[in-house]
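Please look over the structure shown here before reading the notes. The notes are grouped by topic.

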Amino acid sequence: MNKQKTAIITGAGQGIGLAIAEKLAAQSVNLILNDLEEGLIKDACNQISKAHGMKAIPVAGDSSDQETINNMIREAVTNFGSLDIVVANAGITLFGNFLEYTREDFMEVTRVNQAGTFFLTQAAAKVMKSQASGGSILLTSSVTAHQSHENLAAYAMSKAAIEMLAKNLVLELAPFGIRVNTIAPGATMTNRTALDPDYEATWSKLTPLGKPASPKDIADAAAFLVSDASSHITGQTLVVDGGWTSISPSPYD
């Protein structure tokens, strides 16, 4: 009988993170869910527990803060005895023209996207290293790490760095049976993008498959990358963008 797995997912209060949590809960994975907003993550955990009968534990806080990271790791090990999956999904986007971009915004993007991902991965790997089964870590990048996008130089830089982190960690973590991969979503209909009344129509025209992704589209790909079905895949990035990066038409034209 396969052991029931335990996962940490950051940025899981809504959108892609919540969709990944729903997908893993449907596969009987125990969950530690994080979001900056306490009310949001508690509601998400209640929703998942009722829908799937799985225990979902909320850990509110800044996912790049070491105390929050330690709390997530401790909740996983204390409640479920192991940590098998980590999805470092939390991140921020701060738009701005390169020539006018402030040091404060640059450092904030770097702190949350790069440092948060790096140190959550480090903490998780220390636990997974001691497990015979190893573990699977999924980092969240973006198509902006592959194609330039106006006013997103700092964000794109942070996401490209995350992809390089996954490649580099193959050297250090593969010997312990720990896999590290990256998923790079393209245009996706989330709570945030839905605030733009033109978003869906614009990206339906620009995307070869004729529509932006849904959070479920990203979650399906993420669930594959953290599952045993991808047991011989590590250090890779899977772009989920409906074909956009193949031709890369600009939304600003």
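Predicted model: local features only at pLDDT ≥ 70, side-chain atom pairs only at ≥ 80, totals over all residues.

Residues are numbered from 1 along each chain as its sequence is written, and side-chain values use heavy atoms, with hydrogens and water left out. Helices (H or I, at least four residues) and strands (E, at least two) are DSSP runs, numbered from the N terminus.

**Strands and crossovers**

- Strand β1 (residues 6–9) and β4 run parallel and are joined by three bridges; two strands pair if DSSP finds at least two bridges between them.
- I8 has V86 in β4 as its bridge partner.
- On strand β4 (residues 85–88), I85 and V87 point one way, V86 and A88 point the other way, and all are buried. Buried means under 20% relative accessible area, exposed over 50% and partly exposed in between, with a 1.4 Å probe and protein chains only.
- In a regular strand the side chains alternate between the two faces of the sheet.
- Four bridges pair β4 with strand β5 (residues 135–140) in the parallel sense, and V87 has L138 in β5 as its bridge partner.
- From β4 the chain passes through helix α4 (residues 103–128) to β5, a right-handed β-α-β crossover. Right-handed means that, with the strands pointing away from the viewer, the path from the first strand over the helix to the second runs clockwise.
- β2 and strand β3 (residues 56–60) run parallel, joined by five bridges, and D35 stands opposite A60 in β3.
- β2, α2 and β3 form a right-handed β-α-β unit.

**Residue I20**

- I20 lies in helix α1 (residues 15–26) and counts as buried because its relative accessibility is 3%.
- Leaving out residues up to four places away in sequence, I20 touches I9, V87, A219 and A222; contact means heavy atoms within 4.5 Å.
- I20 and A223 are 203 residues apart in sequence, but their C-alpha atoms are 7.0 Å apart in space.

**Nonpolar cores**

- The largest nonpolar core has 32 residues, of which I9, I20, L24, L31, L33, I48 and I183 touch the most other members.
- β1, α1, β2 (30–35), α2 (38–52), β4 and α7 (215–226) each supply at least two residues of this core.
- A second, separate core of 27 residues includes I57, A76, A88 and L120.
- A nonpolar core is a set of buried Ala, Val, Leu, Ile, Met, Phe, Trp, Tyr and Cys residues joined through side-chain atoms within 4.5 Å.
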